[in-house]
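Q: I'd like to go through this one with you. Can we take it step by step?

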Amino acid sequence: MAYKIDASACVNCGTCEPDCPAGAISEADGHRQIDENACLSCGTCASVCPASAIAEA
C-alpha cells in the first residue's frame with residue numbers, strides 16, 4: 001500500500017524527498033506529494049518526516 005502525505009500537515013521542508021529510494025516524492029502546490037504508482041511502500045519517508053505528515057494510504 002502506498003504512502004500519502006497529508007497536505008495540511010506538510011511543512012514542505014523536503015526532508016522526505018532525497019530519502020525516497022524510488023524517487024516518488026515531488027513538490028506541488030506548496031507541499032510534497034507521493035506518486036502512488038512509483039511508491040515502494042517502504043516507509044522511509046514517514047520515518048524521516050519531522051511533521052509526521054506521512055502515513056500509509
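**Cysteines, cavities and a salt bridge**

A: Start with Cys42: it is partly exposed, with a relative accessible area of 45%. Buried means under 20% relative accessible area, exposed over 50%, and partly exposed in between (1.4 Å probe, protein chains only). This is a predicted model, where local features need pLDDT of at least 70, side-chain atom pairs count only at pLDDT 80 or more, and totals for chains, interfaces and linings use all residues. Residues are numbered from 1 along each chain as its sequence is written, and side-chain values use heavy atoms, with hydrogens and water left out.

Q: How many disulfides does the count come to?
A: The count comes to 0 disulfides. The rule asks for a pair of cysteine sulfur atoms within 2.5 Å.

Q: So which cysteine sulfur is nearest to Cys42?
A: That of Cys20, 6.2 Å away. Cys42 is in no disulfide.

Q: And what about Cys39, buried or exposed?
A: Cys39 is buried, at 18% relative accessible area.

Q: Which cysteine sulfur is nearest to Cys39?
A: The sulfur of Cys45, 6.1 Å away. Cys39 is in no disulfide either.

Q: New topic. How many cavities of 30 Å³ or more are there?
A: The structure holds 2 of them. A cavity is a set of points, on a 1 Å grid over the protein atoms alone, where a 1.4 Å probe fits but cannot get out; lining residues have an atom within 4 Å of a point. Points are joined across faces, edges and corners, and the volume is the space filled by probe spheres set on them.

Q: What lines the largest cavity?
A: It has 14 lining residues, with Cys20, Cys39, Leu40, Cys42 and Cys45 nearest its centre. The lining splits into 11 nonpolar, 3 polar and no charged. Ala, Val, Leu, Ile, Met, Phe, Trp, Tyr, Cys and Pro count as nonpolar, Asp, Glu, Lys and Arg as charged, and the others, Gly among them, as polar. The space is about 90 Å³.

Q: And the second largest cavity?
A: About 70 Å³. Of its 13 lining residues, Cys10, Cys13, Cys16, Cys49 and Pro50 are closest to the centre.

Q: Which residue does Glu17 form a salt bridge with?
A: Arg32, with the closest N and O atoms 2.1 Å apart. A salt bridge needs a side-chain nitrogen of Lys or Arg within 4 Å of a carboxyl oxygen of Asp or Glu.

Q: What does the pair tie together?
A: Glu17 lies in helix H1 (residues 16-19) and Arg32 in strand S3 (residues 31-34), so the pair links parts 15 residues apart in sequence. Helices (H or I, at least four residues) and strands (E, at least two) are DSSP runs, numbered from the N terminus.

How values were computed:
1 Å grid on protein atoms, 1.4 Å probe; cavity = no way out; pocket = protein on both sides within 12 Å on 5 of 7 lines; lining within 4 Å.
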